[in-house]
Amino acid sequence: MQVGDLVNQIPADKPSFTLYQWNHNHKGATERSILFIYCCPMSSQVKLKMLYSTVNKAAISAIEGAGLKITNKIEVDTPNDLKEKDLYDQVHPSDEKATLAGGTKFARPMRPGKGRARMTKN
């Protein structure tokens, strides 16, 4: 099943959990990823939203307890948010995203009192 076909299988009006075996190519090799997709449309009933968000972790642990290794967990608002490029970026994040817009890596700020001396007015 392709990602486009998956979008049509997920209900767009109520929350749902979906397990998807995604066979794709990465660096010339075919890989198999098991994705746990939690879809919670904004238009669904509040009671259902609360129920699904509460049992989310229990469902994941039951699936993994049955012996299935989940590669990635994905949350979307609507099934239309599932695009093959986005799935690929989730499963295989690139190092380029760790840089800021200017091309520099993010540097953690210094702890208070550990930086250079500052002039203060008395």
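Colleague: Which two side chains meet in a salt bridge, and at what N to O distance?

Modeller: Asp89 and Lys85, at 3.1 Å, N to O. Keep in mind that this is a predicted model. The structure holds 1 salt bridge, and both partners sit in helix 3 (residues 84–91), 4 residues apart, about one turn of the helix.

Colleague: Is Lys85 buried or exposed?

Modeller: Lys85 counts as exposed, because its relative accessibility is 61%. Asp89 comes out at 22%, so it counts as partly exposed; the cut-off for buried is under 20%.

Colleague: Okay, on to strands. What do side chains do along a regular strand?

Modeller: They alternate between the two faces of the sheet. Take strand 1 (residues 16–26): its covered face carries Ser16, Thr18, Tyr20, Trp22, His24 and His26, while Phe17, Leu19, Gln21, Asn23 and Asn25 make up the uncovered one.

Colleague: How many bridges join strand 1 to strand 2?

Modeller: There are 11, and the two strands run antiparallel, with strand 2 covering residues 29–39. Trp22 faces Ser33 across that pairing. The hairpin leaves 2 residues between the strands, and Lys27 takes a positive phi there, near 55°.

Colleague: And the core? Where do nonpolar side chains tend to be?

Modeller: In soluble globular proteins they tend to be buried together. Here the largest nonpolar core has 14 residues, and the ones touching the most other members are Tyr20, Trp22, Leu35, Ile37, Leu82 and Leu87. Helix 1 (3–9), strand 1, strand 2, strand 3 (72–76) and helix 3 each supply at least two residues of this core. There's also a second, separate core of 7 residues, including Ala59, Ile60, Ile63 and Ile70.

Colleague: What is Leu82 in contact with, leaving aside neighbours within four places in sequence?

Modeller: Its contacts beyond those neighbours are Val3, Leu6, Val7, Ile10, Ile37, Val76 and Leu87.

Colleague: Last one, aromatics. How many aromatic pairs are there?

Modeller: The structure holds 3. In one of them, the ring centres of Phe17 and Tyr38 are 5.5 Å apart with the planes at 45°, so the pair is tilted. Phe17 is in strand 1 and Tyr38 in strand 2, so to speak distant parts of the chain, 21 residues apart. Tyr38 is buried at 7% relative accessible area, and Phe17 is partly exposed at 27%.

Colleague: Why is the pair of Phe17 and Tyr52 called tilted?

Modeller: Because their planes are at 55°, with the centres 5.1 Å apart; edge-to-face would need over 60. Tyr52 lies in helix 2 (residues 46–65), so this pair ties strand 1 to a part 35 residues away in sequence. Phe17, Phe36, Tyr38 and Tyr52 form one aromatic cluster.

Methods. Residues numbered from 1 in each chain as written. Predicted model: local features only at pLDDT ≥ 70, side-chain atom pairs only at ≥ 80, totals over all residues. Heavy atoms only, no water. Buried < 20%, exposed > 50% of the residue type's maximum accessible area, 1.4 Å probe, protein only. Pairing = 2+ DSSP bridges. Salt bridge = Lys/Arg side-chain N within 4 Å of Asp/Glu carboxyl O. Core = buried A, V, L, I, M, F, W, Y, C linked by side-chain atoms within 4.5 Å. Contact = heavy atoms within 4.5 Å. Phe/Tyr/Trp six-rings, centres within 6.5 Å; stacked < 30°, edge-to-face > 60°.
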